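Please have the structure open as you read.

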Amino acid sequence: MDQSKCPVSNLPVSNPLYFAGRQPGTNFSMALATLGDRIILIKTIGYMRSEDEDEFLACVDAYQKTYLPEKTDLIVIEDFADIQGADAEARKKYVDYFKNSPFLLGGIIYHLSPLFRISFNLARRFQIYKKEIYAENTYTDAIFRALTIFDQSGVAHGVPADRPPFSQPPLKSALSELKTRLYRFQSKLGKWQLAVLFFLNRSFARRYSEALLKYIAAIDWDTHGDYPEIPKPYDEPQIRQVFDAIGFVKSEVDRLIQERLQAEQELKESEARYRQLVEHAQAGIFEFDFATRRIISLNEALLQITEYSRDEMLAMNPLDLMTEDSREVYEKRFQTLAAGGTLNSDMVYQMMAKSGEYKWVMLNTKITFNDRQPEKASVVLSDITEMKRIEAKLLEYQAKLKGLSIQLSKTQETERRKLASQLHDNVSQELFVAQLQLNALARNETDEDQKRGLNQIRDQIQKIIKDTKTLTFDLSPPILYDYGLKEAIEALAQSMENNHGISVHTRFSEDVDRLDTDRNIILYRCISELFNNTLKHARADTIFISMDHHDGLLQVDFRDNGVGFEKNHIEIPAHGGNGFGLFDIREKLQHLGGMLEIETAPGDGTRILMKLPLPAYPAEKARSTF
């Protein structure tokens with residue numbers, strides 16, 4: 001307090017503060033100072049009661065906020081040389097402060113009396129401290145410990161890292177020399193002197209031992225916070241420390257017992273809730289031991305699902321419940337686990353109940369390992385038989401709907417062809433005849449006004465004939481039936497260029513027309529839908545189409561240089577359109593054993609791949625090449 005620098009660390013000393021207790025009858029006081037910029041030095045004097053402890057801790061907090069307001073990772077070094085003792089409640093507050101202080105990295109106390117060291121060791125043994133707390137012998141040891149903590153924690157403290165080793169006083173050798181001299185002095189005393197000393201020591205020991213035993217015997221260890229009064233003859237500062245130490249032990253035992261009782265109560269309540277949850281769960285729950293391959297615990301729901309009794313299940317390997325196929329799957333997965341691999345937590349198996357009924361179950365498994373080998377598993381078994389039945393029904397309905405969709409497409413195409421034939425054979429022919437008659441009338445008409453009117457009607461009929469031809473081609477292009485898919489797509493591309501100004505480039509490998517008529521029609525309609533999508537939504541000026549076959553597959557590659565779209569919109573109508581779009585195309589291709597792939601992103605155009613198995617090529621084999 002009186003020096004500008006620490007003689008050990010050479011760190012500056014600043015902000016000295018003296019404080020005296022304000023409580024009536026107290027003899028407590030303290031002094032504080034700052035060492036460097038991260039160490040608070042404290043010296044406490046006198047006997048500390050609970051009220052004094054409140055003032056002491058409030059003073060430390062105020063000191064930190066005043067002189068080190070923005071500092072964290074501080075260390076407190078406290079000198080205990082002049083402390084006469086402290087009651088149990090004061091010690092508890094002191095310990096709690098160190099446990100919960102937000103700005104302390106650790107604490108160091110030194111010059112402890114033997115009784116205070118007992119208290120400190122008990123606190124460390126009971127794991128009361130959650131921060132780095134140390135007890136040292138001297139100020140030099142305390143400073144050395146503080147700087148070591150800073151170094152190990154990587155906290156800057158102002159002392160150069162290459163500082164020379166501290167020159168500690170030869171305290172140990174001095175103590176050893178003192179003990180040697182005392183021993184020699186005692187050995188020179190006469191036997192009568194030793195006898196007198198021995199008698200006095202034994203008398204004092206008996207007196208204090210009896211008082212301590214009575215005090216300890218008077219403690220009610222079953223009652224929280226019950227401390228007997230210290231006998232009057234022993235209410236001296238030095239002797240009072242012994243009783244205070246016993247009181248501290250009692251208070252910490254009370255704390256531990258209270259925390260243990262609270263933890264036990266919470267554990268019982270948690271176990272009761274867990275037991276109730278397990279017993280009343282809809283799903284079967286059991287624990288499986290990998291070493292014995294036996295169930296070691298289970299709930300009632302598992303018995304209801306399997307239809308076995310509890311004793312039967314505990315004596316059974318769960319594999320005995322599985323069908324042969326599911327058992328093989330399980331064994332493969334078990335080997336994967338044994339080899340150190342990982343699996344999904346949800347597994348689906350088929351089992352047979354005691355009644356012979358087949359059931360589908362889902363196992364959600366949490367596995368514990370020992371030396372990287374599976375040891376035990378906590379399993380939740382859910383009966384999904386009804387879900388599987390509904391799923392199978394839905395798949396059946398889906399397949400039927402896809403078949404109906406294809407059949408509807410075929411029917412539509414038949415009706416389109418009939419309507420196109422009627423337009424071509426009847427309407428177009430009648431219009432052509434009407435055109436010829438108007439031509440004859442116009443040639444024989446002498447009135448120029450009448451002739452001009454007839455020519456206008458003739459031109460209108462010619463336009464109607466042209467539109468009818470276009471409509472006939474759109475409904476059912478004759479070129480598709482007469483010349484094949486390749487010629488039909490080229491004609492469609494030419495129409496896009498002539499009518500909409502979009503440049504279309506086509507490339508076909510040799511002999512691409514190897515599909516049957518039905519597949520040709522469906523593929524033509526799919527490509528026509530892609531043309532319409534590009535025209536309506538892509539804002540493209542160029543389209544590339546290529547067709548080739550490889551490994552039994554016919555592949556159509558359709559690309560445009562348009563605006564593209566988000567891939568998560570694929571499952572909705574194409575490019576945000578109002579029709580079935582890409583979803584309808586995908587469903588049709590999948591029904592025929594094919595598939596659809598889409599590559600797109602906003603601003604990057606769109607690429608669509610359509611793949612179909614060629615005739616006489618197994619669909620399953622084709623899928624394996626996708």
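Which residues in α15 meet which residues in α16? Ile522, Cys526, Glu529 and Leu530 in α15 meet Gly581, Leu582, Ile585 and Lys588 in α16, where contact means heavy atoms within 4.5 Å. Helices (H or I, at least four residues) and strands (E, at least two) are DSSP runs, numbered from the N terminus. The residues of this contact comprise five nonpolar, one polar and two charged; Ala, Val, Leu, Ile, Met, Phe, Trp, Tyr, Cys and Pro count as nonpolar, Asp, Glu, Lys and Arg as charged, and the others, Gly among them, as polar.

A note on the source: this is a predicted model, in which local features need pLDDT of at least 70 and side-chain atom pairs count only at pLDDT 80 or more, while totals for chains, interfaces and linings use all residues. Residues are numbered from 1 along each chain as its sequence is written, and side-chain values use heavy atoms, with hydrogens and water left out.

Back to the helix pair: the axes of α15 (residues 517-538) and α16 (residues 581-591) come within 10 Å and cross at roughly 160°. Axes are lines fitted to C-alpha atoms, for helices over the stretch in contact, and angles run from 0 to 180 degrees between N-to-C directions. The two helices are therefore roughly antiparallel to each other, a label for angles over 145 degrees. The crossing of α15 and α16 is left-handed, meaning that the near helix is turned anticlockwise from the far one by less than a right angle.

Now for the sheet. Five strands form an open sheet in the order β8-β7-β11-β10-β9, with antiparallel pairing; two strands pair if DSSP finds at least two bridges between them. At the edges are β8 and β9 (346-352), each pairing on one side only. From one strand to the next, the twist averages 35°. Strand β7 (residues 284-289) has these two partners:

| Partner of β7 | Bridges | A bridge pair |
|---|---|---|
| β11 (residues 373-383) | six | isoleucine 285 with valine 380 |
| β8 (residues 294-298) | four | glutamate 287 with serine 297 |

The hairpin of β7 and β8 has four residues between the strands, and arginine 293 there takes a positive phi near 55°. Aspartate 289 stands opposite arginine 294 in β8.

Helix α10 (residues 324-338) packs on the sheet, touching β7, β9, β10 (358-370) and β11. The direction of α10 makes about 145° with that of β9.

Notes: Parallel < 35°, antiparallel > 145°, perpendicular 65-115°, else oblique.
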